[in-house]
Amino acid sequence: MTTRRIRRGAHGALSGMSEDQPFRAGYVAIVGRPNVGKSTLLNALVGQKLAAVTNKPQTTRTRISGILTAEDAQYVFLDTPGIFVPKYKLQEHMVRAAYAAAKGADIILFVVDAVDAPHAADDDLLARLPSGPVTILVPNKIDRVHKPLLLPVLEHYAAKGAFAEFVPTSARKGAGVDSLLTAMRPHLPVNPQMFPEDQVSDLPTRFFVAETVREKVFLRTRQEVPYASSVVVEEFVEDAGASRTFIRAAIYVERSTQKGIIIGKQGTMLRDIGRDARHDIEDFLGGPVFLELFVGVRDGWREHEQMIREFGYGAQ
Ligand SMILES: Nc1nc2c(ncn2[C@@H]2O[C@H](COP(=O)(O)OP(=O)(O)OP(=O)(O)O)[C@@H](O)[C@H]2O)c(=O)[nH]1
Ligand SMILES: [Mg+2]
């Protein structure tokens, strides 16, 4: 796949510390159970909508990089699928991708939902994380928690002796995000810059386009349908003459009944998904887009190794 640089969003570069500080650069894996707000946190840290966010668990299926370059540091964030006990092949790949990102990182942001923390499942997961990287506890969604209730959560995790820092956040409201960047910086290795400063991800534009469409499918459908859906961008043509981008994407599901749901009565569902997605893709690309969607069936693809790979969820 070709790599294309993605425009930097509104989030400005962070101001530098003092001039004698060496430049630091490294990988930061964002890890935790499904639905705790990892992708929301990635978007907040990078200052741009990169990763799909929905209220449904298991939204993220692959490792998603987001790069933030400040004057004195470059953070390469890796959003990961939520870690849980997998039941089918696609889920096995998702969980494997999360552990692989954690293993290769300099820093792990261990994100927990502050509303139900401390949770036994988080403790189990923490015990399985690699011990090499510096680990930072991030209780997220603090906008939903009465402050004094956070103290016992922090005490619970402090007693584990596994964390270098504790930074509560509300990724949705942006609270604690700057403190988190400040807390991470000294734990990044001294390194030269790894990516050009205007590069926001090492993933191609097509990936983000497909994820945007998939996010809209997740938001508008229920039960098995979102989980049985995958999106492939079949055509992506920048027409300089017409100054718009032509995109043709396929939504694949596992059964013809699911195809019927995605298309909807007289095509209304597909039209709504297309309209929502086009709006976000135009924001992302910074120009008008013609988006054509169609729906295909790939029988039981979530259990088929080859199809999982074709959809981009294979080896990472
Ligand atoms: N109230 C509140 N909601 C949040 C916050 N951060 C995320 N959410 C919501 O939590 C839900 C899940 O957010 P995601 O960012 O998709 O969570 P995730 O951990 O990436 O989920 P998976 O990809 O499924 O593992 C969404 O409805 C978010 O809007 C927060 O700080 N406060
Ligand atoms: Mg996610």
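Predicted model: local features only at pLDDT ≥ 70, side-chain atom pairs only at ≥ 80, totals over all residues.
**Around ligand 1**
- There are 23 residues around ligand 1, and the ones that come nearest are Gly37, Ser39, Thr60, Gly82 and Arg172.
- Helix 1, which spans residues 38-46, gives the largest share of that shell, with 3 residues.

- In soluble globular proteins, nonpolar side chains tend to be buried together.
- Here the largest nonpolar core has 82 residues, and those touching the most other members are Val28, Ala29, Ile30, Val31, Phe77, Leu109 and Val213.
- Both domain 1 (24-187) and domain 2 (205-310) supply at least three residues to this core.
- Take Leu109: setting aside neighbours within four places in sequence, Leu109 is in contact with Val28, Ile30, Val31, Ile136 and Val138.

**Helix 8**
- Helix 8 (residues 256-263) has Gln258, Ile261 and Ile262 as its buried residues.
- Those three sit on the same side of helix 8, because they cover an arc of only 95° around the axis.
- An α-helix has 3.6 residues a turn, so residues three or four places apart point the same way.
- Turned away from the buried side is a face with the exposed residues Ser256 and Thr257.
- What do the buried residues of helix 8 pack against? Their partners are helix 6 (205-220), helix 7 (224-227), strand 8 (244-253), helix 9 (268-285) and strand 9 (289-297).

Key. Residues numbered from 1 in each chain as written. Chains lettered and ligands numbered in written order. Near = placed C-beta within 6 Å. Helix = DSSP H or I, 4+ residues; strand = E, 2+ residues; numbered from the N terminus. Core = buried A, V, L, I, M, F, W, Y, C linked by C-beta atoms within 7 Å. Buried ≥ 20, exposed ≤ 12 C-beta atoms within 10 Å, placed from the backbone. Domains from an automatic or database assignment. Contact = placed C-beta atoms within 7 Å. Arc of directions from axis to C-beta.
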